[in-house]
Structures are given as structure tokens and as C-alpha cells.
Amino acid sequence: MKLSNIKPNIVVVGSSSIDLVLKTSKIPTANNTVLAESLQSFLGGKGANQAIATSRLGAQTYFISRVGMDPFGQQVLRNLNDEAVNVANVVEDEDEDTGTAYVTASEEGNAITVVPAANYNLSPTDISEAEKYLVAADLILTQLEIPIQTVEFLFKKAETLNKKIGIYAAPASRLSDEIIQYASFIVAKSTDLEIIFGEGNREDIIKHLPNKLFVRDGANSTSYFDGKEMKYFRKNPSTEAHNMGLGDAFTSGFSIALLHGNSIEDCVKFGNDVALKAADYRGSQKGLPYLEDFQN
């Protein structure tokens, strides 16, 4: 992958949260109780993950988000500051707590319950008040842990300003035709395609959006249609890998490679490489790599 001398400007619009992770032997079913081996807390939220990932990968990153006026919110803000993310437009919400995610992690996989809290107060007004940052952006990134009305407004604003915008469509929700049409790229989980795009064969959905839709599977694999043929790239993590936040890591790596003028194939490969390194550590942010990790 080639790296230019530019320092791209990226605006991330999205969620901030604290992830509370319970490690268990299995995911409990309804009316079932299991004992957890441990409880750990991590900084998370898909927006914050992408803000920190792109900053570590050499971007000047501006973050538009909301946190509560509580200890969790202060922890989130301190961490973003430490990661050189501009937080001028991270609002401290007087009415809601900082978002939280409750993660039950086992060998079967993860079960995640998200409490959006302040994230669901992120509004079109917050977007408008940050317009000067959007004007200067080389790329805007967003996700779906904020109200869909805010996402739709953001896309209209990006189109008005003629800005590139990418979306990681998670947690899955139906995307409007306007978002699908204007998006520079869409990252989605393979299990979510019908929710996001409506009923259809997986491959048909992908082929309908050449070089735009990038579909992620659990083992750090990415597939897309290049206009001529289906492409598949996989970077298997170790059996000890942790899969929280890998979609955010991929999206961030893909975005950085794109802004440095790389081919779509190289962008996908770099996104997979970033996700692979992130998988080495539990939690969504700890394992996110730095640009220098790829310059040796």
C-alpha cells in the first residue's frame, strides 16, 4: 500500500460508550443463569472506535458525538484527547448518561446489548453546528448507533457540500435509497444484508453495488464485486483473537488507504490488516494499530 505525504482530514460522526464485558463459558439463553469468569470495562462506541483508529493511522480526526455529564463521559473525553482526536464538537449532554454496551463474551461469540443514552440525542443541530469541520473534511465517516434521522441529515449535508462519506451499517438498520446512492462506500456484516438492503440473494446484493459494498464475515474476511468478478480477501486472526470492533478497524483502515490514493483492492487488504492487529487485544480500542506499525 502506498502512503502519500498528506495528513487527511476525517470527520467521524457517531457514538461514544463504555463497554462492560462479561467473560462466560457460554451465552445464557432465556431464563438461564451462567456465572461470569470476569467483568472488564473498555472504551468503545463505533464512532469513538473509528475516531481513534483513524487518528492512530495518521489522520487529523474531528469527532461529532455526545456523552453524558458523568464519570464515564469524562473518561471518554480524556481518552479522545489523549489520542489526539479533536473533541470540540463532542457535547456533554445534561439530560442523558453516557452510552453503555453490555457484552457477554464466550467461545460461542459475543452477545451485545447497547444502551444508546446520550448517543440518541445526537441531532441534526449538532451536525449543523460542526459545519466548518465538514467543509474541510476529506472524508466523513458514520455508523448506526445514532438516530437514523441524524444519519440521513448528515448524508444530505455531505451531498450539499460535495463530500465523500462512508458508513459502517451497524447495528443493522434499513438504509434509504438516498444513503445507498450517495455513499462513497458501505461496510456491512454478511448476516445483516437483508435488514440493510431488503430481501435478496447475498451475491446479488453485492453485485448491485460494485466497488461500494464491502461485506464482512466473522473470520476477518471481506468480499465485494469489482464490476467484473467477486473478490474475497481473508486475514485469519489467531484462535485467541478478540472480535470486538473489527468492523470499525476495517472501516478505518479502508478509509485511510482510500485517502492515500490506493486501489480498492489495496484498501480492502489494508482494512483487513488493521482489523487483524486490532484482534490481538480484548476491547475495541486497545489493539488499534498506529501508522508506523505498517511502515517497517
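1. F254 is buried, with a relative accessible area of 1%; buried here means under 20% relative accessible area, exposed over 50% and partly exposed in between, with a 1.4 Å probe and protein chains only. The model is predicted, so local features need pLDDT of at least 70 and side-chain atom pairs count only at pLDDT 80 or more, whereas totals for chains, interfaces and linings use all residues. Residues are numbered from 1 along each chain as its sequence is written, and side-chain values use heavy atoms, with hydrogens and water left out.

2. The structure holds 7 aromatic pairs. Rings of Phe, Tyr and Trp (its six-membered ring) pair if their centres lie within 6.5 Å; planes under 30 degrees apart count as stacked, over 60 as edge-to-face and the rest as tilted. One of these pairs is Y224 with F233, which is stacked, at 6.4 Å centre to centre and 20° between the planes. Y224 and F233 are both buried.

3. The ring centres of F250 and F254 are 6.0 Å apart and their planes stand at 35°, so this pair is tilted. F250 is buried, at a relative accessible area of 0%. Both residues belong to helix α9 (residues 246-259), where, being 4 residues apart, they are separated by about one helical turn. Helices (H or I, at least four residues) and strands (E, at least two) are DSSP runs, numbered from the N terminus.

4. One aromatic cluster is formed by F185, F214, Y224, F233, F250 and F254.

5. Strand β12 (residues 221-225) runs antiparallel to strand β13 (residues 230-234), and 5 bridges join them; two strands pair if DSSP finds at least two bridges between them. F225 stands opposite M230 in β13. The hairpin of β12 and β13 has 4 residues between the strands, and G227 there takes a positive phi near 100°.

6. C267 is placed in helix α10 (residues 264-278) and counts as buried at 0% relative accessibility. Apart from its neighbours within four places in sequence, C267 is in contact (heavy atoms within 4.5 Å) with F254, A257, L258 and N262. The C-alpha atoms of C267 and T251 are separated by 9.5 Å, the two residues being 16 residues apart along the chain.

7. K277 lies over the face of F294, at 5.5 Å from the ring centre. A charge sits over a ring if NZ of Lys or CZ of Arg is within 6 Å of the ring centre and within 35 degrees of the ring normal.
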